[in-house]
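Subject: Structure for you to take over

Hello,

I am passing this structure on to you.

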Amino acid sequence: MFFRMIRGVMTRQWKKMFMIAFTIMLGASLATAMLSVMMDVGDKMNEELKTYGANITVVPKEASVINDLYDVEGEESSGAYLKEDELGNIKTIFWAFNITDYTPFINVSATLDDGTDITAVGTWFNHHMDLPTGETLDAGIQSLRSWWDVTDGDWLDEQGVDDANYCMVGCDLAEAQGLKAGDSVHITGELGDADLIVAGIFESGADEDSQMFMPLDTAQSLAGLDGKVDSIEVSALTTPDNELAEKAAKDPESLTIDQYETWYCTAYVSSICYQIQEVISDSVASAVRQVAESEGEILEKTQLLMVLITIFSLIGAALGICNLVTASVMERSSEIGLMKAVGAHDGTIAGLILTEIIITTIIGAVAGYFVGFGFAQIIGQSVFGSAIEMRQMVIPIVAVLIIAVALIGSIPAIRASVKMDPAVVLRGR
């Protein structure tokens with residue numbers, strides 16, 4: 001009998017039930033979209049922010065005075081270098097897959113034929129290397145300096161046989177020397193010289209505009225520094241810092257065993273810095289504060305915005321459900337009054353209404369989940385240019401939220417049905 005009554009209500013008031021299901025679908029779809037994007041936005045935004053440069057710098061211990069992993073003070077010290085043959089070790093740390101790119105640098109003093117002193121910077125452009133893990137990697141400043149504007153020529157590729165004979169020149173230096181792409185330039189260092197061809201002229205908007213960039217081996221040969229580098233810039237996907245990360249950054253030994261394991265196994269920038277120091281001899285890895293802090297702040301604000309949108313959408317859904325269910329109960333006031341007159345208890349009537357709402361909620365929530373996941377893909381492609389990953393934990397979270405919203409929205413209608421006086425209702429008052 002109970003289920004016959006439910007079927008009858010669903011049939012007679014199908015328009016009201018459809019509107020309730022549609023309202024729930026809208027709330028569920030927006031909640032699904034926002035939660036899916038929010039859980040995936042960390043990696044997406046980190047990838048976007050990597051276009052603004054590296055967020056970790058590695059230098060020799062002798063080159064800096066370190067207060068902690070966030071505060072780096074001091075100056076470079078001549079004679080302090082890192083080992084080039086250890087660069088591949090960076091991709092062997094626990095968070096190796098979070099290391100998206102890195103490149104070494106070495107600065108040497110050099111002179112042009114007209115006597116002009118310049119800074120020659122040796123680095124990777126699009127460097128291919130075989131890693132200790134058996135994997136391969138293509139890395140370099142072509143991705144770490146993606147904002148550079150190559151105004152003449154093109155990026156040095158570094159994949160060809162003759163690429164060691166090419167260089168890239170900053171716009172200020174090129175203007176002063178009258179250089180353009182394809183020109184030849186002779187450069188002399190302390191212990192060697194080189195004849196180079198200008199592959200491209202770039203504009204960075206910084207000090208690099210007055211420098212000359214060339215393959216790492218070429219710069220090393222100018223100063224007799226084979227196998228040595230000044231610094232390494234690393235681009236890594238990181239998790240925003242919290243109190244644990246800040247505590248660990250100051251003194252990892254102050255952590256308990258459980259805290260240390262949690263910190264070490266979380267992609268905090270301080271944790272990744274610590275692990276890099278473990279595999280690069282006599283090095284200090286530190287976060288680039290402006291980049292690291294910006295990543296955390298932007299990510300937190302974006303996630304907060306999505307949480308607020310989800311909350312407000314659920315509040316709107318609850319209000320809509322409240323109005324629709326109340327209207328449905330008022331239309332059925334004679335039916336409810338008759339049920340009470342023949343002996344139906346308040347609990348039975350409340351259970352009847354709740355069952356109707358739950359059935360409608362399930363239908364609306366299932367439809368809303370798939371619609372919401374479709375919205376998430378549209379957001380992912382429009383904003384980040386990539387798909388949003390379907391995370392299983394979104395399903396129970398959305399289910400709990402939607403059921404809670406439906407129950408909360410039904411409370412006023414249930415209270416109204418419980419308080420109905422059958423004598424008054426049946427007399428038509």
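Below is what was found in it, from the whole chain down to single residues.

The model is predicted, so local features need pLDDT of at least 70 and side-chain atom pairs count only at pLDDT 80 or more, while totals for chains, interfaces and linings use all residues. Residues are numbered from 1 along each chain as its sequence is written, and side-chain values use heavy atoms, with hydrogens and water left out.

Whole chain

The chain has 13 helices and 16 strands; these are DSSP runs numbered from the N terminus, with helices (H or I) of at least four residues and strands (E) of at least two. Of its 429 residues, 48% are buried (under 20% relative accessible area; exposed is over 50%, partly exposed in between, with a 1.4 Å probe and protein chains only). Taking contacts (heavy atoms within 4.5 Å) between residues at least 6 apart in sequence, 75% join residues at least 24 apart.

Cores

A nonpolar core here is a set of buried Ala, Val, Leu, Ile, Met, Phe, Trp, Tyr and Cys residues joined through side-chain atoms within 4.5 Å. The largest one holds 51 residues, and I56, Y102, I187 and M212 touch the most other members. Strand β5 (residues 99-112) gives this core its largest share, six residues. A second, separate core has 36 residues, including V37, M38, A317 and A350.

Helices α6 and α7

The axes of α6 (residues 243-250) and α7 (residues 257-264) come within 10 Å and cross at roughly 100°. Axes are lines fitted to C-alpha atoms, for helices over the stretch in contact, and angles run from 0 to 180 degrees between N-to-C directions. L244, A245, K247 and A248 in α6 meet Q259, T262 and W263 in α7.

Two single residues

N98 sits in the loop between β4 (82-83) and β5. N98 counts as buried because its relative accessible area is 15%. Beyond neighbours within four places in sequence, N98 is in contact with S235, A236, L237 and A267. S235 is 137 residues from N98 in sequence, yet their C-alpha atoms are 8.5 Å apart.

I395 belongs to helix α12 (residues 394-419). With 39% relative accessibility, I395 is partly exposed. I395 and A365 are 30 residues apart in sequence and 9.8 Å apart in space, C-alpha to C-alpha.

Regards
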